[in-house]
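Please keep the sequence and the model in view while reading.

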Amino acid sequence: MSNDSLYKKSYSVRLSELGKLAPATFRAFGAFNQQALSAGALSAKLKELIAVAVAHVTGCPYCIEAHVKKVKQLEASKEEMTEAIMVATALKAGSAMAHGANALQAYDETGEDDLYTLSSMKRLKEFREENAELFRSYLAFSHQAMKPGLLSQKEKECIAVAVAHVTGCAYCIDGHTKMAKKLGVTMEELTEAIFVATALKAGSALAHSINALNAYDE
């Protein structure tokens, strides 16, 4: 292995080694991953779009490579894939923005014990007061990313809820779950979206074991 190259497509063959090193756990993960990505209340195509979106948040190049190929096989267009990625981008940015409420509380040393409260979101207007143009620019992007296009608003909200579980933003989980419910998304559909996110988060950790194997063998 080249000491300089940390990611190569060819490295992915090393994943099979995990099946020998921890066979029972490896099989259990494989079964869970397959079930999470199989069609159910959500179509296999939407689940793969969710997977592509989540992979852009976990930052796993192996996952991006694999799930883009899979979603293409399921006849998702490049434009649909791009819309899903933009939702992920908006949620990643939104999570950073939402946590700004915590930053404001910390800066002001409010002494409050609650780190997450819905009322804290009201403080985000302070960012608008500090830089109205920048704040409006962010809102315009977020609004555009969530607008229905080739993907429906309902599909985009399923993606958003899944991504929010990976960013770990309580504000985003609350807001997008409520919006998804308003759009008629069932709890079964949301649960499946969340399990796709869970599989991708775990899968990214598994995929990065390739780097550990390479590093260990040096």
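## Overall organisation

Among contacts in the protein between residues at least 6 apart in sequence, 73% join residues at least 24 apart; contact here means heavy atoms within 4.5 Å. The model is a predicted one, in which local features need pLDDT of at least 70 and side-chain atom pairs count only at pLDDT 80 or more, while totals for chains, interfaces and linings use all residues. Residues are numbered from 1 along each chain as its sequence is written, and side-chain values use heavy atoms, with hydrogens and water left out.

The protein has twelve helices and zero strands. Both kinds of element are DSSP runs numbered from the N terminus: helices are H or I runs of at least four residues, and strands are E runs of at least two. Along the principal axes, the C-alpha atoms fill a box of roughly 55 × 40 × 30 Å. Of the 218 residues in the protein, 39% are buried. Buried means under 20% relative accessible area, exposed means over 50%, and partly exposed lies in between, with a 1.4 Å probe and protein chains only.

## The nonpolar core

In soluble globular proteins, nonpolar side chains tend to be buried together. In this model the largest nonpolar core has 53 residues, and those with the most contacts inside it are L37, I50, V54, L91, I159, V163 and L200. Such a core is a set of buried Ala, Val, Leu, Ile, Met, Phe, Trp, Tyr and Cys residues joined through side-chain atoms within 4.5 Å.

The greatest share is that of α3, which gives nine residues. With residues up to four places away in sequence set aside, I159 touches L46, I50, A53, A84, V87 and L151.

Two packed helices are described by the angle between their axes and the distance between the axes. The axes of α3 and α5 are 8 Å apart, and the two helices pack at an angle of about 45 degrees. This angle makes α3 oblique to α5. Axes are lines fitted to C-alpha atoms, for helices over the stretch in contact, and angles run from 0 to 180 degrees between N-to-C directions. Angles under 35 degrees count as roughly parallel, over 145 as roughly antiparallel, 65 to 115 as roughly perpendicular and the rest as oblique. From α3, the residues K45, L49, V52, A53, H56 and V57 meet E80, M81, A84, I85, A88 and K92 of α5. The residues of this contact divide into eight nonpolar, one polar and three charged. In this grouping Ala, Val, Leu, Ile, Met, Phe, Trp, Tyr, Cys and Pro count as nonpolar, Asp, Glu, Lys and Arg as charged, and the others, Gly among them, as polar.

The axes of α5 and α8 cross at roughly 145 degrees and come within 9 Å. Here M86, V87, T89, A90, L91, A93, G94 and M97 of α5 meet F135, Y138, F141, S142, A145 and M146 of α8. Eleven of the residues in the contact of α5 with α8 are nonpolar and three are polar, with no charged residue.

## Packing of α8 against α9

For α8 and α9, the axes come within 9 Å and cross at roughly 115 degrees. Q144, A145 and M146 of α8 make the contact with Q153, K156, E157 and A160 of α9. The residues of the contact of α8 with α9 comprise three nonpolar, two polar and two charged.

S95 lies in helix α5 and is buried, with a relative accessible area of 9%. Not counting residues up to four places away in sequence, S95 touches T167, C169 and C172.

S209 belongs to helix α12 (residues 209-216). At 15% relative accessibility, S209 counts as buried. Apart from neighbours within four places in sequence, S209 is in contact with L15 and L18. Within α12, the buried residues are S209, I210, N211, L213 and N214, and these pack against α1 (16-21), α4 and α11.

## Loop residues with positive phi

E75 is placed in the loop between α4 and α5. Its phi is near 70 degrees, a positive value in a residue other than glycine. At 68% relative accessibility, E75 counts as exposed.

E109 is found in the loop between α6 (100-108) and α7 (125-130). The phi of E109 is near 50 degrees, again a positive value in a residue other than glycine. E109 is exposed, with a relative accessible area of 69%.
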